[in-house]
Amino acid sequence: MLELKDVSKTFFPGTVNERKALVDLSLRLEQGDFVTVIGSNGAGKSTMLNAITGRMKIDSGEIWIDNTDVKRMPDYKRARYYGRVFQDPMAGTAPDLTIEQNLALALQRGKSRGLNLGLNAKRRAFFKEQLEQLGLGLENRLPARVGLLSGGQRQALSLLMAAFTKPSILLLDEHTAALDPQRAAHVTQLTERIVSESGLTTLMVTHNMEQAIALGNRLIMMHEGQIIHQLEAEEKQKATVKDLLGRFADIKGAVLSDKQMLG
Ligand SMILES: Nc1ncnc2c1ncn2[C@@H]1O[C@H](COP(=O)(O)OP(=O)(O)OP(=O)(O)O)[C@@H](O)[C@H]1O
């Protein structure tokens, strides 16, 4: 469960550069909800994710994960509640460490005690089993340095690492946007499978409206730091890219990227 209550964030308040990034934003995800998030440029999508992870401190409001108020929780403790995959395939993994060391690090997430990369036979068997799901043959390359993998392989690994500890909330931040269409389609498929098999509560920001419609059970549209439109299960199933573009056309000043225009 994730709940944001009246969350606000203004950058450079009271100056000529003032930017209201989140304005009394409220959103609740029940256990197992998979919510896709679309919005105009600068709508506050990344700021919302940064607020949830604590990367960015909010000005006011509340953030609850699994009935715990995480707003004042130190970052390392909050990290146990979420997994996050960024747009940059290089961001989620450590290139100089091996595949198995990266996976061991991910297992440690949110634990305060020192690093324990303890790589015993049992752990390796678990890692292999997990990697098999990716269909990329990485289960046979546990000692390979991650820096040797392609962007698509690294992104698939990042997704696995973000999800395999079954976090309370999985945050996907345009995680397929930097991949070529074939690899993006593969990571999208993996996302669908991993999320549904583990029943993960998921918040996925995407510029791709087709993806926003195809994945998940709810969709929200953001503009100027607020949720301006929501689609629940049935409505979402019936929605089309044309409908969503029509919604954006109604908003004065909404700027969409080329990718969004193309669906
Ligand atoms: N660190 C920051 N310092 C100052 N302003 C910021 C900062 N981060 C975001 N903003 C501003 O806050 C607003 C929301 O930005 P945010 O990155 O959350 O939007 P977004 O919906 O993710 O946009 P995009 O789709 O373009 O990535 C924008 O006006 C942006 O310029």
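**Close-up views of a predicted model**

**View 1. Strand 2 (19-29) and helix 1 (45-53) each supply at least two residues of the shell around the ligand.** The model is predicted: local features need pLDDT of at least 70, side-chain atom pairs count only at pLDDT 80 or more, and totals for chains, interfaces and linings use all residues. Residues are numbered from 1 along each chain as its sequence is written. Helices (H or I, at least four residues) and strands (E, at least two) are DSSP runs, numbered from the N terminus. Helix 1 gives the most to the shell, with 3 residues. Among the residues around the ligand are Phe11, Arg19, Gly44, Lys45 and Thr47; a residue counts as near if its C-beta atom, placed from the backbone, lies within 6 Å.

**View 2. Six strands form an open sheet in the order 6-7-8-3-9-10, with mixed pairing.** Two strands pair if DSSP finds at least two bridges between them. Strand 6 (82-85) and strand 10 (226-231) are the edge strands, each pairing on one side only. The twist averages 20 degrees from one strand to the next.

**View 3. Strand 6 and strand 7 (residues 169-173) run parallel, joined by 4 bridges.** Tyr82 has Ile169 in strand 7 as its bridge partner. Helix 5 packs on the sheet and touches both strand 6 and strand 7. Its direction makes about 170 degrees with that of strand 6; axes are lines fitted to C-alpha atoms, for helices over the stretch in contact, and angles run from 0 to 180 degrees between N-to-C directions.

**View 4. Leu170 touches Gly83, Ala162, Ala163, Val195, Leu200, Thr201 and Thr202.** Residues up to four places away in sequence are not counted. Contact means C-beta atoms, placed from the backbone, within 7 Å.

Technical notes. Two residues are in contact if their C-beta atoms, placed from the backbone, lie within 7 Å.
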